[in-house]
Amino acid sequence: MSADTLNLAAEGGGGLFTPGGPGFEAPSVGIFFPSPWADYNLPYTGGFNKYVVLLLVATALVALFLWWTARRQSVVPGRSQGIGELTFLFVRDQISRPMMGVKGDKYMPLLLSLFLFVFAMNVMGIIPFLQLPVTSNLSYPVGLAAIVYITFIVVGIRAQGGVAKYFKGAVVPSGAPWWILPILVPIEIISNFLIRPATHAIRVFATMFAGHLLLATFAAAGWYMFNPAAGPLFGTISVLFSGASLLAFIVFTAFELVIMFLQAFVFTLLAALYIGQAQEAH
């Protein structure tokens with residue numbers, strides 16, 4: 001959205017019904033590349049920008065939630081402890097145990113932290129004045145996927161009794177005839193150690209990227225069409241169009257909140273699945 005369009009909207013005149021007004025400029029991918037406020041002079045860092053601030057905010061929110069729910073432990077839980085226990089039980093009973101059974105209980109600190117952290121980073125996209133999901137920057141999901149990737153490999157090596165046994169079990173399908181192994185082994189290597197971590201990170205990134213771009217488009221369209229000064233007829237029509245765009249923005253914001261929760265759930269579920277598979281012999 002250009003500065004001219006914003007200025008015209010602020011003055012009460014959108015471009016839709018204004019002769020010679022600026023054309024509508026839909027939000028572009030540029031909204032996902034905020035200018036850095038400070039440069040580290042290091043390659044691939046991007047400097048100190050909005051993503052870094054929102055990452056710190058998300059981290060603080062998770063830490064505050066955990067402190068708030070665990071600060072007063074008692075046999076009869078209060079409201080804050082009850083919320084914390086419900087969150088813990090949700091991750092354990094809906095993610096950890098279905099994927100790993102009771103063996104997964106020792107990984108609950110990791111899984112609970114992943115779920116809360118991914119959800120907090122996603123929610124940054126709908127908080128007023130912040131409105132940028134941290135996970136819409138691919139580097140952050142990649143970092144979390146890398147943690148899961150390293151974890152399930154280490155778990156697999158320990159559970160299977162060595163590096164050779166783990167990687168053999170992971171890439172050589174049990175019971176497969178020897179003559180088909182030259183085809184199956186490369187497929188298993190690519191699937192388990194390349195595609196798996198890539199899709200783990202890209203899934204949440206792509207969803208948050210597309211969802212935020214959709215919300216930004218509805219918000220920009222609402223500003224663009226709002227022009228009550230365009231006359232009795234066109235002014236009324238512009239307000240109606242703008243209201244419809246605002247309603248769509250509210251509806252899709254609520255829908256996006258559900259998607260943010262689901263993406264945190266799926267990311268953590270896949271982490272539990274990968275760790276659980278690493279513990280068992282194929």
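Me: In the protein chain, where is confidence lowest and where is it highest?
Reply: This is a predicted model. Confidence is lowest in helix 1 (residues 3-10), at a mean of 40. It is highest in helix 4 (residues 108-123), at 97. The mean pLDDT of the chain is 84, and 82% of its residues reach 70 or more.

Me: What does the model have for residues 1-13?
Reply: pLDDT stays under 50 there. The model has 20 contacts for this stretch beyond four places in sequence.

Me: Which secondary structure elements make up the protein chain?
Reply: Eight helices and zero strands.

Me: How do you know how helix 5 compares with its expected span?
Reply: Helix 5 covers residues 139-160, 22 residues in total. Gly 161 follows helix 5, with a positive phi near 90°.

Me: Why is Val 142 called partly exposed?
Reply: Its relative accessibility is 40%. Buried needs under 20% and exposed needs over 50%. Val 142 lies in between, so it counts as partly exposed.

Me: What makes the nonpolar surface patch of about 220 Å²?
Reply: Leu 138, Val 142 and Ile 202 make it. Val 142 sits in helix 5. A patch residue needs over 30% relative accessible area; Val 142 has 40%.

Me: Which residues of helix 5 are buried?
Reply: Among them are Tyr 140, Leu 144, Val 148, Phe 152 and Gln 160. Across the chain, 35% of the 282 residues count as buried.

Conventions: Residues numbered from 1 in each chain as written. Predicted model: local features only at pLDDT ≥ 70, side-chain atom pairs only at ≥ 80, totals over all residues. Heavy atoms only, no water. Helix = DSSP H or I, 4+ residues; strand = E, 2+ residues; numbered from the N terminus. Expected span 1.5 Å × (residues − 1). Buried < 20%, exposed > 50% of the residue type's maximum accessible area, 1.4 Å probe, protein only. Patch = residues over 30% accessible without salt bridge, like charges linked within 9 Å, V, L, I, M, F, W, Y side chains within 5 Å. Areas by Shrake-Rupley, 256 points an atom, 1.4 Å probe, with all protein chains shown as cover. Salt bridge = Lys/Arg side-chain N within 4 Å of Asp/Glu carboxyl O. pLDDT = per-residue confidence, 0-100. Contact = heavy atoms within 4.5 Å.
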